[in-house]
Amino acid sequence: MKHPENAVIRRSDYRAPGFLVDRVELCFDLDPLATRVESTLSLRRNGAAGDVTAPLELCGADLTLVSLHLNGEPLPASAWQKSGNGDRIIIAAAVLTAGGEQPRLSIVTSFNPTANLALEGLYVTNGTFCTQCEAEGFRRITYFPDRPDVLSEYQVTIRASRDDFPVLLSNGNLVSERDLGDGRHEAVWHDPHKKPCYLFALVAGKIDRLQDHFMTASGRKVLLEIYSTTANLPRCTWAMACLKAAMRWDEEAYGREYDLDRFMIYAADDFNMGAMENKGLNIFNSRFLLADRDTATDADFQTVDAIVAHEYFHNWSGNRVTCRDWFQLSLKEGFTVFREQQYMATRASPAVMRIDETAFMQSRQFAQDAGPMAHPIRPDEYEAIDNFYTVTVYEKGAEVIRMLHTLLGAEAYRKGTDLYFARHDGTAATCDDFVAAMEEASGIDLAQFKRWYSQAGTPQLQVRDEYDAAQSRYILHVSQTMPPTPGQLDKQPMVIPLAVALLQEGSGVTRERVLNLTEKTQSFAFADVPARPIPSLLRAFSAPVKVAFDYGDAQLAALVEHDNDGVSRWQAVRELFFRAFDKLRGDGGAVAALDHAVAALLADYATDPALIAHMLAFPSHGELADRDAEIDPAAIASTREELLRQLATTHRAAIIERYGHERIALSGKAWSPDVTAVAHRALAGTLLAFVNTAGDTETHALSLAQWQGADNLTDVMNAMTALRDQPCPERDRMYSAFHDQWQHDLSMLNRWFALEAGALRRGATSAVSAVRALLAHERFDSKNPNRVRAVVQAFADQNWEGFHASDGSGYAFIAEQILRFDAQNPSLAARFCDAFSRWYKCVEPARALQGMYLHKLAAHEALSPNVREIIEKTLKAGDTAALR
Ligand code: TRP
Ligand code: ZN
């Protein structure tokens with residue numbers, strides 16, 4: 001079948017721009033239906049480009065070009081070309097510089113922000129104008145060299161109706177405000193720091209603000225403002241407190257001060273991603289900014305903290321030093337995620353944070369590495385850059401920076417970041433630049449380490465041990481391999497910091513050390529080891545790798561109980577769960593060590609309850625499936641359910657007793673978001689869900705009682721989650737009351753939508769017809785990405801049984817939604833495609849059914865480049881797998 005092909009963009013094709021833009025003057029006449037933008041560019045030939053004849057290339061998308069002037073004179077149509085590749089304007093160097101070496105180009109464009117449902121560029125949400133320019137949204141505002149290596153100083157004039165848009169915001173400092181006399185007013189903003197256009201932002205609307213101040217280390221007073229609706233201002237105080245904590249932390253940990261007089265955040269209800277680090281004017285998905293006790297869970301409070309910090313940290317790692325091209329995305333994202341993780345380790349239990357990070361890497365990033373979209377943290381090619389804002393670029397990118405921190409040590413690492421910021425401030429840099437600064441500051445050769453930037457896939461370590469009792473010598477033999485990924489068949493050995501320790505009966509954990517792996521196989525000896533120890537491997541998840549060691553069941557149980565590293569304990573109990581799962585699916589037998597470990601955890605009152613909660617949160621369907629070469633979706637679901645039911649039945653009394661203990665620890669105290677209270681709520685929630693996997697009237701009543709007595713959303717959501725898959729009157733009561741209470745609150749009703757979309761069983765109605773009914777719900781809003789995700793993404797991610805319904809109806813549903821949303825918002829739709837990433841590993845008929853829908857999608861002429869790239873790579877991975 002013949003259909004359009006996407007253009008492939010390659011890292012090796014990078015060319016410096018022919019012209020730079022020193023200064024940009026933008027003048028906006030805002031109108032929801034027809035906005036007019038006048039842009040004046042002060043251009044300069046780029047000395048570094050090498051080719052003095054290189055033209056100026058301006059990108060545009062969905063714009064009406066009103067006029068084009070060079071040095072005040074209209075530019076005749078013969079003086080420029082439109083390129084066939086997209087919407088590009090090309091102007092020859094000779095034309096531009098005919099009137100001197102400092103040409104000024106003025107461009108007037110117009111467009112309709114209300115019709116912008118892709119939410120890229122300038123759009124209107126709830127009557128408020130707002131922008132999203134990363135990665136390539138600025139070209140929807142005006143023709144511009146829309147690439148991150150063109151850095152300019154911006155002066156922005158905004159004109160709009162005073163009644164409808166009393167607040168007018170852009171990056172930097174406010175220069176002036178005036179009334180225009182005709183019902184319109186004007187504000188002028190100036191950003192003294194040079195920036196790429198993806199960091200441009202504008203917000204205009206009838207919005208209120210919360211104000212505060214921050215005194216920087218050097219004694220400058222910075223005005224802090226969070227903009228939202230008046231009604232939502234009380235929900236902004238937590239974000240404000242987080243912002244101040246993050247600003248202080250960046251000064252102390254990295255020596256980075258804020259650099260403008262004002263820092264603003266706007267909360268948008270319609271937003272494609274989490275948040276955006278626009279210079280001096282961050283824009284957030286309101287879901288990740290607003291929080292109070294009745295409308296945010298403990299986990300949400302933590303997420304707000306992390307994202308506020310993340311976007312703030314970008315002011316240095318991303319804005320002051322930006323990326324040369326989008327292949328370098330991990331330069332800012334991996335580094336910023338790592339900075340965020342370091343900060344979060346000071347805000348919550350470091351062990352619990354590290355387990356969360358490890359679980360996320362293992363369930364999501366390892367899956368990406370094993371699927372059709374596998375790519376290195378610095379990709380070599382892409383078709384749609386939006387598709388590369390991935391767990392690999394972000395989270396694995398952060399793991400790579402963490403390994404540098406481990407290999408160099410904290411002190412040399414800090415010297416390296418100081419050097420990097422000093423050397424590249426105000427410029428667009430590369431991942432190579434970052435590593436070069438680390439190398440220079442530490443004197444450590446990182447040539448082999450750099451393979452982490454170029455090789456995709458998850459290294460697999462095979463570890464074997466040997467004990468020589470006569471010589472008291474213990475040896476660990478380690479070998480590393482890396483499976484092939486699409487387009488990369490042969491892999492070279494990686495540098496892997498493997499943190500280990502020896503668990504010795506009687507004396508606990510000893511001999512902690514970091515083994516530095518560089519070869520295919522290596523051996524490491526420990527002298528004076530009095531008895532055969534149990535090795536504790538990959539402590540704190542010291543590298544993004546998989547480790548296989550042939551532990552005995554009793555050894556794993558010993559690690560669960562006695563290791564002092566949270567991640568290792570958690571990993572050991574998961575390993576036992578995997579074993580029990582395999583055994584149950586195999587000969588139907590049981591694994592006594594898992595029961596032993598669960599009993600020990602339930603009776604463990606010495607360990608942080610949050611850690612126990614994590615250890616009792618068992619692997620998802622996807623994680624279980626990803627261990628199999630051939631996936632049987634129905635068997636995964638039934639075995640998992642049966643194992644959880646058996647465990648819950650065996651430990652019923654102990655779970656209920658421990659649950660009661662956690663509730664008592666919380667009772668009589670005023671609600672607090674402190675770590676101790678959070679930990680008790682978390683464990684209570686995990687136990688409630690656990691015991692309800694073998695639910696009966698007594699456990700249903702326990703849930704309802706928690707819900708009725710709740711004075712915070714965490715307890716409410718945990719009670720509702722515990723009964724999500726249990727059709728019973730208690731569930732109906734909670735769910736309908738929650739729906740009625742919050743039907744007019746966007747974020748709160750999304751929680752209800754997401755629970756319902758994820759619910760596995762509902763008597764006579766199939767999960768697929770239930771999710772279809774949600775799309776027909778009167779409050780479903782197809783234009784709001786959070787609401788769409790609460791239904792479609794929640795179904796795809798959490799409803800394993802519904803998605804894999806044996807008649808293929810779940811596949812049909814997702815394929816249909818991909819097409820539907822691709823027509824209005826490609827970056828949203830592209831995220832749904834991931835649901836099919838395991839298709840070719842499935843048994844029949846799951847494989848054939850998914851393949852059929854993928855082929856149907858690929859045959860659509862009108863697919864966006866975003867969806868087309870993923871669908872075609874997904875199909876192709878199936879072909880390659882068939883050939884192996
Ligand atoms: N740079 C943003 C971040 O780190 C990510 C982002 C927000 C984004 N909105 C986007 C990326 C839209 C692509 C498209 O956190
Ligand atoms: Zn980021």
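Predicted model: local features only at pLDDT ≥ 70, side-chain atom pairs only at ≥ 80, totals over all residues.
## Around ligand 1

Start with the ligand. Ligand 1 is surrounded by 13 residues. The closest are E134, A275, E277, E311 and E333. Three elements each supply at least two residues of this shell: strand 20 (275–276), helix 3 (298–313) and helix 4 (329–344).

Now look at single atoms. E277 has a polar side-chain atom 2.7 Å from a nitrogen atom of ligand 1. E311 has a polar side-chain atom 2.9 Å from an oxygen atom of ligand 1. A275 uses its backbone instead: a backbone N or O atom lies 3.4 Å from an oxygen atom of the ligand. On its own, ligand 1 has 370 Å² of accessible area, and the protein covers 95% of it.

Helix 20 runs over residues 729–742, which makes 14 residues. At 1.5 Å a residue, the helix should span 20 Å.

Which residues of helix 20 are buried? They are E730, R731, M734, Y735, F738, H739 and W742. These residues cover an arc of only 150° around the axis, so they sit on the same side of helix 20. An α-helix has 3.6 residues a turn, so residues three or four places apart point the same way.

What do the buried residues of helix 20 pack against? Their partners are helix 18 (697–709), helix 19 (713–722) and helix 21 (746–758).

## R262 in strand 19

R262 belongs to strand 19, residues 262–268. Is R262 buried or exposed? Its relative accessibility is 14%. Buried means under 20%, so R262 counts as buried.

Its contacts show what surrounds it. Leaving aside neighbours within four places in sequence, R262 is in contact with G172, N173, L174, W189, V222, L223, E225, Y227 and G280.

## P609 in helix 13

P609 lies in helix 13, residues 609–615. Its relative accessibility is 15%, so P609 also counts as buried. Not counting residues up to four places away in sequence, P609 touches E662, A679, H680 and L683.

How far apart are P609 and R209 in sequence and in space? They are 400 residues apart in sequence. In space, their C-alpha atoms are 38 Å apart.

Notes:
Residues numbered from 1 in each chain as written. Chains lettered and ligands numbered in written order. Heavy atoms only, no water. Helix = DSSP H or I, 4+ residues; strand = E, 2+ residues; numbered from the N terminus. Expected span 1.5 Å × (residues − 1). Buried < 20%, exposed > 50% of the residue type's maximum accessible area, 1.4 Å probe, protein only. Arc of directions from axis to C-beta. Contact = heavy atoms within 4.5 Å. Near = heavy atom within 4 Å. Polar contact = N/O pair within 3.5 Å; in protein donor to acceptor, adjacent residues only side chain to side chain. Areas by Shrake-Rupley, 256 points an atom, 1.4 Å probe, with all protein chains shown as cover.
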